[in-house]
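Keep the 3D view open as you read.

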Amino acid sequence: MQKKIDRAPTAETLIQWDMKIGLYKLKRPKLAGGNWIWMADHVVRLGVYKCFVIVGVRMTTLLTKKDITVSLEDLEPITILPMEVSNGTEVARRLEETVQRVGFSPDALVIDHGSDLYSGAQLFCKNHCETKLKYDVCHKVACELKKRLNKNPL
């Protein structure tokens, strides 16, 4: 028999706690070392702003698993930055600011090949030889699938 809860927090209270936990995770110091892999993309557009987000995972975390599937628990928010202008120079500058803030550069940077992200990541990697630029193949597959489905709707 399940026991009913007489008092429970409201949905708004839960949202506020989620936001506080998220902000804590975003602001807390990140451990250097551990072969960080950063994944960066623009995720939300609001008016003239794009939201540039970087999440990271430590390769040491993935190597402890049976497969190298990334789960939500493995990800660490690195930065969330609104950008009014997004081009290669601005993306490189934001990546550099992030390195200065967290204190280390990643071993790998995973992005899609949007022109602003790709050119910015290339500029960034020229100054950070230890960072390998990797292509987000899942994004590529989704784009190709969308292109084919648009040609041949079901």
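## Who does Ile 54 touch?

Leaving out residues up to four places away in sequence, Ile 54 touches Trp 38, Met 39, Ala 40, Glu 76, Pro 77, Ile 78, Thr 79, Leu 95 and Thr 98. Here a contact means heavy atoms within 4.5 Å.

Before going on, a word on the model: it is predicted, so local features need pLDDT of at least 70 and side-chain atom pairs count only at pLDDT 80 or more, while totals for chains, interfaces and linings use all residues. Residues are numbered from 1 along each chain as its sequence is written, and side-chain values use heavy atoms, with hydrogens and water left out.

## The cores

Ile 54 also turns up in the largest nonpolar core, which has 19 residues. Trp 38, Phe 52, Ile 54, Leu 95 and Leu 109 touch the most other members. A nonpolar core is a set of buried Ala, Val, Leu, Ile, Met, Phe, Trp, Tyr and Cys residues joined through side-chain atoms within 4.5 Å. Buried means under 20% relative accessible area, exposed is over 50%, and partly exposed lies in between (1.4 Å probe, protein chains only).

Which elements supply at least two residues each of this core? They are β1 (36-46), β2 (49-58), β3 (76-83), α3 (88-102), β4 (108-111) and α4 (115-127). A second, separate core has five residues, including Ile 37, Val 57, Leu 62 and Ala 108.

## How the strands pair

Strands pair if DSSP finds at least two bridges between them. β1 and β2 run antiparallel and are joined by ten bridges. Together they make a hairpin with two residues between the strands, and Gly 47 in the turn has a positive phi of about 65°. Leu 46 has Tyr 49 in β2 as its bridge partner.

β1 pairs with β4 too, in the parallel sense, over three bridges. There, Ile 37 stands opposite Ala 108 of β4, and both of these residues belong to the second core.

## Stepping back

How many helices and strands does the protein have? There are five helices and five strands, running α-β-β-α-β-α-β-α-β-α from the N terminus on. These are DSSP runs, numbered from the N terminus: helices are H or I with at least four residues, strands are E with at least two.

Of the 154 residues, 30% count as buried. Among contacts with a separation of 6 or more, 59% come from residues 24 or more positions apart. The C-alpha atoms fill a box of roughly 60 × 50 × 40 Å along the principal axes.
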